[in-house]
Amino acid sequence: MSTTKHADLGVTGMTCAACSARIEKVLNKMDGVSAEVNLTTEKATIDYNPEQTDIDAISSRIEKLGYGVLTEKVELDVFGMTCAACSARIEKVLNKQSGVQTAAVNLANESAMIEYTPGLIDQDTLISRIRKLGYDAKVKADDQEKQTHKEKELKRMKVKLVASALLSIPLLITMLDHLFGIALPAVFNNPWFQFALATPVQLIIGWQFYRGAYKNLRNKSANMDVLVALGTSAAYFYSLYEAIKTIGNPGMHHTFISRQVRS
């Protein structure tokens, strides 16, 4: 059983009651359409059967009569894009939304310019759709506010970088023993010491990759987050498995997360 959909379209170009009456008459002749056109508010209130017609066909019929369907433009700041594939995916998804006329996403400017039909979709819905893809968005801010947001994001990234480096350097040092035979304190080759250092990098600092991978896989797509999460997880959990094997075998030599670091 089909469900009737509702839409409110802004109509431009009407100058008298005859205009609104003509549009209403033509729309009501379409299969599955019930319409009322109000000259004062310049709005068409439409109920239609999506199995018999769609909003694009209704808009096209209004335009063929010599009138226009009101559209609006909004520019959004988009955060979290890391490559051209990210911007291309957001653009593709936005252009598939009902009520979106055109959408263009610019990776370099971290922005999206969208033309849409009010009454069919709104700014909050557009932002919500972008967030479901694993990114963030908000209505374009002034340059100073946007710069402040970038500075905060860069500061967070620097803190993560420093923390990751401090935790990873001892793990990299263990490679000196394997590559050059340089003697190191025994603690460096202790798998549980390595586990304690690697886990925050993998599961806390690196959690953003898991979150991004989940959202992309949920939307049946893959990006660099998926690749990073898959590669590092394989190394991390295999190393954990090898570390567990050393329990009860104190003489068993194992370098826990050096595999993960090299990945």
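Which residues are linked in a network of salt bridges? The points below take up this question and then turn to a pair of helices.

1. The model is predicted. Across the whole structure, a search finds four salt bridges. Side chains of opposite charge can pair when their charged atoms come close.

2. The residues linked in a network of salt bridges are E75, D77 and K140. K140 takes part in two of the pairs described here, one with E75 and one with D77.

3. In the pair of K140 and E75, the closest N and O atoms are 3.9 Å apart.

4. In the pair of D77 and K140, the closest N and O atoms are 3.8 Å apart. This pair, too, links distant parts of the chain: D77 is in strand β5 and K140 in the loop between β8 and α5, 63 residues apart. Is D77 buried or exposed? Its relative accessibility is 0%, so D77 counts as buried; the cut-off for buried is under 20%.

5. Another salt bridge joins D136 and R131, with the closest N and O atoms 2.8 Å apart. D136 has a relative accessible area of 32%, so D136 is partly exposed. R131 is likewise partly exposed, with a relative accessible area of 43%.

6. The next topic is helix packing. Two packed helices are described by the angle between their axes and the distance between the axes. Helix α7 (residues 207-218) packs with helix α8 (residues 224-245) at an angle of about 125 degrees, and their axes are 8 Å apart. The two helices, α7 and α8, are therefore oblique to each other. An angle over 145 degrees would count as roughly antiparallel, and 65 to 115 as roughly perpendicular. The crossing of α7 and α8 is left-handed.

7. Which residues make the contact between these helices? From α7 come F209, Y210, G212, A213, N216 and L217. From α8 come D225, V226, V228, A229, S233 and F237. Sorted by class, the contact of α7 with α8 has eight nonpolar, three polar and one charged residues.

Technical notes:
Residues are numbered from 1 along each chain as its sequence is written. This is a predicted model: local features need pLDDT of at least 70, side-chain atom pairs count only at pLDDT 80 or more; totals for chains, interfaces and linings use all residues. Side-chain values use heavy atoms; hydrogens and water are left out. Axes are lines fitted to C-alpha atoms, for helices over the stretch in contact, and angles run from 0 to 180 degrees between N-to-C directions. Helices (H or I, at least four residues) and strands (E, at least two) are DSSP runs, numbered from the N terminus. Angles under 35 degrees count as roughly parallel, over 145 as roughly antiparallel, 65 to 115 as roughly perpendicular and the rest as oblique. A crossing is left-handed if the near helix is turned anticlockwise from the far one by less than a right angle, and right-handed if clockwise. Contact means heavy atoms within 4.5 Å. Ala, Val, Leu, Ile, Met, Phe, Trp, Tyr, Cys and Pro count as nonpolar, Asp, Glu, Lys and Arg as charged, and the others, Gly among them, as polar. A salt bridge is a side-chain nitrogen of Lys or Arg within 4 Å of a carboxyl oxygen of Asp or Glu. Buried means under 20% relative accessible area, exposed over 50%, partly exposed in between (1.4 Å probe, protein chains only).
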